[in-house]
Amino acid sequence: MEFLGYKRANGKVGSRNHVAVIPSVICANDVAQAIVGQVQGTVGYFHHQGCCQLPPDLDRVTDTLCALGCSPNVGAALVVSLGCEGTDHERLVQTIAESGKPVEIIHIQELGGASRAIQAGIDAAQKLVIEISTQQRQPVDISNVVMAIKCGASDTTSGMASNCVVGYVADKLVDLGGTVVFGETTEFLGGEHLLARRAVNKEVADKIYEIVGNMEARAKSLGCDMRKGQPTPGNIAGGLSSIEEKSLGAIVKSGTRPIQGVLGYSDMVTDQKGLWIKDTPGREPEILTGMACTGAQFMMFSTGRGAPQGFPSMPVIKICGNPNTYERMIHDMDLNAGRIITGEKTIEEVGEEAFALLLRVLNGEYTKNEAIKYFNSIDIYTMGPVI
């Protein structure tokens, strides 16, 4: 089984061919936004980090931006530096260059301010867009696919329909030699033992318990016990009664295959195949960024109440478990898994529809959030305070 993708110099394969405009710090966001607004073929990663953070977080921000710049969906990159940021913009440029992509950098302070930097950035981005614009899609094996998965704005239909569809697709893709990555450590609570049973060895099982324990410890340090708490207000309104119920529904989307290991937040997938966990939060802006870091060509996103947002360089396919939500938000939802609830279709039938859809997206078909550019709210998950 094949799809048409963009072959990169480092052996990765992309489903898109963007020029990424990467501000190295929040202070460079406005300049980067102006460049993206002017140059077709660009996307921007407008985050809120990069200065006045503790060294581990600055390292994480740099690592995350490096991974985003190396995404196979990125054909070239323009780094927008302020000049006095805490992130390592030199390492950022070097890492992207080592992946074989064209990369440029502009420095706002050195250029004499925002207006001059915007002009220089437009010129640089225009050059990069033209440089990669003649790259052609080529047939590649489905085993090159890295799929990220997530659920959000969940209700009772998520665990009964849309998560089941995503799990069906995850199993099928793993069986075809591909890679699937899922996260949301906060939504393992009450179900982590079920995931640990699927670990390929004790080391991986122990790591699953470790990331859940670390997450709980962070909450308890603030006097919060997540196991005795409730899900989000939206989840409760959607009929979910407890964090355990939410977790049991959430982990269904990972399918049934063995779990090969646990990735850190900014880790990229290298030669790993099969099913992997990534240690991430559940909130959309941070988890989508972490999942894009893996090198995923797309994400399959299960929702019941309706979550419309996407990600700049990673197409996000919305699988909706609630038939009423799908009809109400038809311009945001890509596939109606609610037909399982109404008895019109089986999980397997909708799963095959979802798999056919992902192949079309890999071949270039836009998702609904891509078509309306609903993908600019991203962020990077950090641990410490801003100082």
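Helix α1 (residues 29–38) packs against helix α5 (residues 114–132) at an angle of about 40°, the axes lying 9 Å apart. In this predicted model, local features need pLDDT of at least 70 and side-chain atom pairs count only at pLDDT 80 or more, whereas totals for chains, interfaces and linings use all residues. Residues are numbered from 1 along each chain as its sequence is written, and side-chain values use heavy atoms, with hydrogens and water left out. Helices (H or I, at least four residues) and strands (E, at least two) are DSSP runs, numbered from the N terminus; axes are lines fitted to C-alpha atoms, for helices over the stretch in contact, with angles from 0 to 180 degrees between N-to-C directions.

The angle between α1 and α5 makes the pair oblique (under 35 degrees counts as roughly parallel, over 145 as roughly antiparallel, 65 to 115 as roughly perpendicular, and the rest as oblique). The contact (heavy atoms within 4.5 Å) is formed by V31, A34, I35 and Q38 of α1 together with A114, A117, I118, G121, I122 and A125 of α5.

Strand β3 (residues 18–23) is mostly covered, six of its six residues being buried (under 20% relative accessible area, 1.4 Å probe, protein chains only). H18, A20 and I22 point one way from β3, while V19, V21 and P23 point the other way. Pairing requires at least two DSSP bridges between two strands. β3 pairs in the parallel sense with strand β5 (residues 74–81) over six bridges, P23 having V80 as its bridge partner in β5. Parallel pairing also joins β3 to strand β4 (residues 42–44), over three bridges, and V21 stands opposite G44 of β4.

Technical notes. Buried means under 20% relative accessible area, exposed over 50%, partly exposed in between (1.4 Å probe, protein chains only).
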